[in-house]
Amino acid sequence: MTNIHDIARLSGYSVSTVSRVINHQKYVADEKRAKVEAIMRQLDYVPNRVARDLSNGQTKTIGVVMPYANHPYFARIIDGLVSAAFAAGYKITLLPTNYDLTIERRYLDQLRSKAYDALIFTSRSSSLETLEKYRKYGQIVLCEDPGDDRPLAAAYTDREASYVNALQWAQHHGFNSMGVVLSRNNIISASTRVTRSAYQQVYGKLDSRDLFVGAVTYEDGYRAGEYFAQLQPGVDAVFTNGDDIGAGVQQYYLDHRLAPIPTIGQENLLSSRLLKFSTIDHHLEALGTAAFKLATGQTTTHELIKSEFIRR
């Protein structure tokens with residue numbers, strides 16, 4: 001296989017001169033550059049960009065750990081990440097997990113082997129202690145608040161405060177019982193923790209009968225709508241983990257000639273605008289941009305992205 005030393009030998013120039021030509025650097029005479037490039041074409045030589053990047057201590061690749069891509073929360077974070085990465089000349093690799101701890105550990109081991117410059121965890125199953133141990137191998141960024149005492153970079157929204165604000169608004173408007181829709185229900189999930197905490201502050205303990213778990217898509221929201229429509233006694237309103245899921249809830253009621261149940265969604269998507277239900281915009285594209293900037297640095301800065309409750 002042809003390498004840089006072969007190019008140098010055939011051209012009669014030094015390895016450093018050939019390297020400057022390959023890397024499009026200045027201070028190479030035109031005739032030298034032309035001769036080196038002609039030999040490269042003749043030999044069909046293609047520089048190994050991966051090896052070059054590794055020799056510089058960078059892959060220019062950021063791994064984004066996410067449970068699944070078919071939820072607007074993660075999709076909008078990715079939109080912000082990709083835009084910022086493209087502008088900076090970085091590649092983004094999506095690393096789905098379905099919340100499988102073994103798969104997450106595999107990605108962390110790939111960080112240790114320098115497959116990525118950094119990992120961004122949009123959500124996680126791994127403990128914070130585990131992530132801290134791997135940080136010596138590359139930057140790790142969370143999309144949740146890890147707490148002031150954790151040496152991990154984080155870009156996150158004020159979700160708990162925004163949830164409390166939305167639920168207080170609902171209670172003030174006479175919705176005295178609130179159904180809740182979540183994607184999963186365990187203590188690792190940051191979304192579950194902050195939702196339960198916010199609910200506790202406004203309505204008290206969340207009863208299992210008022211909770212629907214396993215909603216990621218519109219179709220899941222439709223099933224949640226069926227659940228709440230049949231619940232006796234029923235709830236006054238539903239707080240969902242996404243606008244499309246909220247749209248699924250409302251569509252079940254419409255399809256079965258029931259009065260649409262008041263719904264609060266998340267992320268201000270087209271579905272909530274068309275169906276005119278309230279939502280929380282966490283400005284996730286801005287969160288993704290902030291997470292990318294942290295991933296390309298070395299700090300453990302925590303950056304808060306403010307949310308907005310949109311009343312409809």
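Helices (H or I, at least four residues) and strands (E, at least two) are DSSP runs, numbered from the N terminus. The expected span of a helix is 1.5 Å times one less than its number of residues. The structure is a predicted model, in which local features need pLDDT of at least 70 and side-chain atom pairs count only at pLDDT 80 or more, while totals for chains, interfaces and linings use all residues. Residues are numbered from 1 along each chain as its sequence is written, and side-chain values use heavy atoms, with hydrogens and water left out.

Helix α5 covers residues 72–88 and has 17 residues. From its first C-alpha to its last, α5 reaches 24 Å, close to the expected 24 Å. The buried residues of α5 are Pro-72, Tyr-73, Phe-74, Arg-76, Ile-77, Ile-78, Gly-80, Leu-81, Ala-84 and Ala-85. Gly-89 follows the helix, with a positive phi near 80 degrees.

Nonpolar cores were considered next. Such a core is a set of buried Ala, Val, Leu, Ile, Met, Phe, Trp, Tyr and Cys residues joined through side-chain atoms within 4.5 Å. The largest core has 28 residues. Ile-62, Leu-81, Ile-120, Val-141, Leu-287, Ala-291 and Phe-292 touch the most other members. Two or more residues of this core come from each of β1 (61–66), α5, β3 (118–121), β5 (153–157) and α13 (284–295). A second, separate core holds 22 residues, including Tyr-203, Leu-206, Phe-239 and Ile-264. Contacts (heavy atoms within 4.5 Å) were listed for Ile-120. With neighbours within four places in sequence left aside, Ile-120 is in contact with Ile-62, Gly-63, Val-64, Val-65, Leu-81, Val-141, Cys-143, Ala-291, Phe-292 and Ala-295.

An open sheet of six strands runs in the order β7-β6-β8-β9-β10-β12, with mixed pairing. Two strands pair if DSSP finds at least two bridges between them. The edge strands, β7 (211–213) and β12 (308–310), each pair on one side only. Neighbouring strands of the sheet are turned against each other by 20 degrees on average, direction ignored. Strands β8 (residues 237–239) and β9 (residues 263–266) pair in the parallel sense over two bridges. Val-238 stands opposite Thr-263 in β9.

Strand β10 (residues 278–281) contains Asp-281. Asp-281 counts as buried because its relative accessibility is 7%. A polar atom of the Asp-281 side chain lies 2.8 Å from the backbone nitrogen of His-283. Beyond neighbours within four places in sequence, Asp-281 is in contact with Arg-76, Glu-267, Asn-268, Ser-307, Glu-308 and Ile-310.

Several loops show backbone features of note. A cis peptide bond joins Gln-232 and Pro-233, with omega about -10 degrees. Pro-233 lies in the loop between α10 (218–230) and β8. Tyr-99 is not a glycine, yet has a positive phi of about 60 degrees. Tyr-99 sits in the loop between β2 (91–96) and α6 (101–112). With 17% relative accessibility, Tyr-99 counts as buried. Lys-276, also not a glycine, has a positive phi of about 60 degrees. Lys-276 belongs to the loop between α12 (270–275) and β10. Lys-276 is exposed, with a relative accessible area of 61%.

Note on methods:
Buried < 20%, exposed > 50% of the residue type's maximum accessible area, 1.4 Å probe, protein only. Polar contact = N/O pair within 3.5 Å; in protein donor to acceptor, adjacent residues only side chain to side chain. Axes fitted to C-alpha atoms, helices over the stretch in contact; angles between N-to-C directions.
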